[in-house]
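We will go from one stop to the next, and at each one you will hear what to look for.

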Amino acid sequence: MENSIALACSSVAEAVHEIADLLQKYPLNYGHGIQTSIDEAAYLVSFVAGLPPDFGEQAAAHLLDQAEVDRLQAFLHKRIFARIPLAYLLGETLLSGVKFFVDPHVLIPRSPIAEMIEDRFFPWWSDKQPARRILDLCTGSGCLGILAALEFDHSQVDVSDIDPKALRVANKNIVFHGMESRINAVLSDVYEQLPGHQYDIIVANPPYVPVSEQPDLPSEFSHEPAHALFAGEDGLDIAKRIILGASQFLEPKGILVLEVGQSAQTLQTQFPHYDFMWHELEHGGEGICVLTCEECKQIVETNSIE
Ligand SMILES: C[S@@+](CC[C@H](N)C(=O)[O-])C[C@H]1O[C@@H](n2cnc3c(N)ncnc32)[C@H](O)[C@@H]1O
């Protein structure tokens, strides 16, 4: 049969290597969190074999039965020929080692803001200041808000999104992580329908890709919701609203942590009177700025002089 996948492996370890070799033969994109063919192979095999993603040597010798091999082949067929990202095929992924459920209504979690949460926003946020209220704008699967709640264990967190189908996934993740009493999911167009709290920390990974770039993206991205990726001609329709509204929702000593990825340069040209500082990330990624409440106010003032 044309385009058929036939694996010859029998153990978990053999399957990982055979699948990684197979994936490398095709022009696949690994921009959805799991960044290499070997990591993707290991995650897929662990999922099908019912093992933890970081399974050790002993589990590697475990023998797969025919049903498991058949399932691997079926997943690989969709991954390779339909170019569906692995996370959507499995309905789950990891960010900062934490599991999140996903479906095609949410962007697959991969934001480098996760690394900043692990570092408790050092050096932008002092551990001497309690983070009582945190807001995750454009939350999608809820991943950043949930990671923030796990890291700042005395905080109350609001997560919000304009898409009710995304919020359904966020709520599933909130329940999975036992966070119902600390995380509130709100349907809102940026700040419009928020409950009116002031936040110590606002994190936001909004859509920031210019629509003109849509045809150039690898096929895998076409499986993600367009409104999670694209935001107007320069990509910054939502990011600009977030910056300009932030000071009204931040505590006086609060900070906004905003990801705009490769649109960083364009953002700078949009606000020429403010010199953006970009956070240096240890594990790759780009275009995250951190603004204080005062800086957000300054941007509003200089922007209105224009
Ligand atoms: C890039 S995804 C980020 C998802 C998640 N924060 C993450 O890091 O994986 C952007 C999200 O913004 C949401 N969004 C788009 N326009 C919005 C708007 N006007 N107000 C609120 N959310 C919006 C989309 O539904 C999508 O879930």
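**Stop one: α2 and α4**

Select α2 and helix α4 (residues 66-81): their axes come within 10 Å and cross at roughly 140°. Axes here are lines fitted to C-alpha atoms, for helices over the stretch in contact, and angles run from 0 to 180 degrees between N-to-C directions. Helices (H or I, at least four residues) and strands (E, at least two) are DSSP runs, numbered from the N terminus. α2 and α4 are therefore oblique to each other; angles under 35 degrees count as roughly parallel, over 145 as roughly antiparallel, 65 to 115 as roughly perpendicular and the rest as oblique.

Before you go on, a word on the model. It is a predicted one, where local features need pLDDT of at least 70, side-chain atom pairs count only at pLDDT 80 or more, and totals for chains, interfaces and linings use all residues. Residue numbers start from 1 along each chain as its sequence is written.

Now show the side chains. From α2, Leu 44, Val 45, Val 48 and Ala 49 meet Glu 68, Arg 71, Leu 72 and Phe 75 of α4; two residues are in contact if their C-beta atoms, placed from the backbone, lie within 7 Å. By class, this contact of α2 with α4 has 6 nonpolar, no polar and 2 charged residues. For the classes, Ala, Val, Leu, Ile, Met, Phe, Trp, Tyr, Cys and Pro count as nonpolar, Asp, Glu, Lys and Arg as charged, and the others, Gly among them, as polar.

**Stop two: α1 and α2**

On the α1 side, the contact includes Val 12, Ile 19 and Leu 23, while α2 brings residues including Ile 38, Leu 44 and Val 45. The contact of α1 with α2 divides into 12 nonpolar, 2 polar and 1 charged residues.

**Stop three: the two domains**

Colour domain 1 (12-90) and domain 2 (95-305) separately; these bounds come from an automatic or database domain assignment. Their centres, taken over C-alpha atoms, are 30 Å apart. Where they touch, domain 1 gives 9 residues and domain 2 gives 10.

**Stop four: the ligand**

Which residues come nearest to the ligand? Select Cys 138, Gly 140, Ile 162, Asn 205 and Ala 228, which come nearest of the 22 residues around the ligand. The elements giving two or more residues to this shell are α7 (143-151) and α9 (226-229). A residue belongs here if its C-beta atom, placed from the backbone, lies within 6 Å of the molecule. The shell has 13 nonpolar, 6 polar and 3 charged residues.
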